[in-house]
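Subject: Handover of a structure and notes on its fold

Dear colleague,

Please find below the structure that I am handing over to you. My notes on it come after the sequence and coordinates.

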Amino acid sequence: MATVPTFDDLFSHCQRSAVHLEMRDGYMRDDPTFLAWCSGTLNLSTHNKTERPWTALMTAVTNRGVVVRRARIVSEPISDYVRFEYDVTPGNVAAGEQVRWLPRRQATDLALPGNDFWLFDETTLLLNHFDGDGNFVDHELITDPRVSEHCAAAFETVWGRSIPHEEYRPA
């Protein structure tokens, strides 16, 4: 298995585009931000405007002209975790990410990869592996052009069907 670069490294070398496909209804439910949201102690108005490490990275990357797109395939009615993601997404959008949502019922006929992924400049594929409960296991770097092309095509199909964050109203 190839050594996996950090997100900072991947984004610093990225020149044109970074796309992310998310297909799970829950991730890392022990995340402190998610737990604060669950308890009602997360102040969304300040959280979505704060210079979090991720939003700072996205601002820097998109200011360089890199187009960053994230598509989420979600079950409806949405899970609590997806509601949390929806509520914090304005911070991602403000940092320059484009985010869209695709209800899972509209994805039935799509040939999708088995894992969530990031694809950088259409060539560098980073698979995200999670356990059955949505806990992060590891990343896997793939450089096989056939796999990258498959994931790029799947992403573009999802993107074409999905609803921009500003228009999506979760069920």
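The notes below go from the chain as a whole to the sheet, the helices and some individual residues.

This is a predicted model, in which local features need pLDDT of at least 70 and side-chain atom pairs count only at pLDDT 80 or more, while totals for chains, interfaces and linings use all residues. Residues are numbered from 1 along each chain as its sequence is written, and side-chain values use heavy atoms, with hydrogens and water left out.

Overall form

The chain has 171 residues and a radius of gyration of 16 Å, which agrees with the value near 16 Å for a compact globule of that length. That radius is taken over C-alpha atoms, and the globule rule is 2.2 Å times the number of residues to the power 0.38. Along the principal axes, the C-alpha trace spans about 45 × 35 × 30 Å. Of the residues, 44% count as buried (buried means under 20% relative accessible area, exposed over 50%, and partly exposed in between, with a 1.4 Å probe and protein chains only). The chain exposes about 8700 Å², of which carbon and sulfur atoms supply 53%; accessible areas come from the Shrake-Rupley method with a 1.4 Å probe, and for residues only the protein chains shown count as cover. Among contacts (heavy atoms within 4.5 Å) between residues at least 6 apart in sequence, 78% join residues at least 24 apart.

The secondary structure comes to six helices and seven strands, in the sequence pattern α-β-α-α-α-β-α-β-β-β-β-α-β. Helices (H or I, at least four residues) and strands (E, at least two) are DSSP runs, numbered from the N terminus.

The sheet

The seven strands form an open sheet with mixed pairing, in the order β6-β5-β4-β1-β2-β3-β7; two strands pair if DSSP finds at least two bridges between them. At the edges stand β6 (136–142) and β7 (163–164), each with a single partner strand, so one side of each has no neighbour in the sheet.

Strand β1 (residues 17–22) runs parallel to β2 (residues 67–74), joined to it by six bridges, and Ala18 stands opposite Val68 in β2. With β4, in contrast, β1 is antiparallel, over four bridges; here His20 stands opposite Trp118. Strand β4 also pairs with β5 in the antiparallel sense, over five bridges, and Asp116 stands opposite Asn128 in β5.

Both faces of β4 are covered, with Asp116, Trp118 and Phe120 buried on one side and Phe117 and Leu119 buried on the other. The hairpin of β4 and β5 has three residues between the strands, and Asp121 takes a positive phi near 50° there. Glu122, in the loop between β4 and β5, has a phi near 60°, a positive value in a residue other than glycine. Glu122 is partly exposed, with a relative accessible area of 42%.

The helices

Helix α5 (residues 80–94) lies across β1, β2 and β3 (98–103), at about 155° to β3. Helix α6 (residues 145–161) lies across β1, β2, β3, β4, β5, β6 and β7, at about 75° to β2. Axes are lines fitted to C-alpha atoms, for helices over the stretch in contact, and angles run from 0 to 180 degrees between N-to-C directions.

In helix α2 (residues 32–39), Phe34, Ala36 and Trp37 are buried. Seen down the axis of α2, these buried residues fall within an arc of 160°, so they line one face of the helix; the arc is that of the directions from the helix axis to the C-beta atoms. Their cover includes α3 (44–47) and α5. The face turned away from the buried side carries the exposed residues Pro32 and Ser39. After α2 comes Gly40, with a positive phi near 80°.

Individual residues

The peptide bond from Glu76 to Pro77 is cis, with omega near 0°, and Pro77 lies in the loop between β2 and α5. Glu76 is also among the contacts of Pro103, which include Val74, Ile163 and Tyr168. Pro103 lies in strand β3 and is buried, with a relative accessible area of 5%.

Met28, in the loop between β1 and α2, has a positive phi near 25° and is partly exposed, with a relative accessible area of 33%.

With kind regards

Technical notes:
Lists of a residue's contacts leave out its neighbours within four places in sequence.
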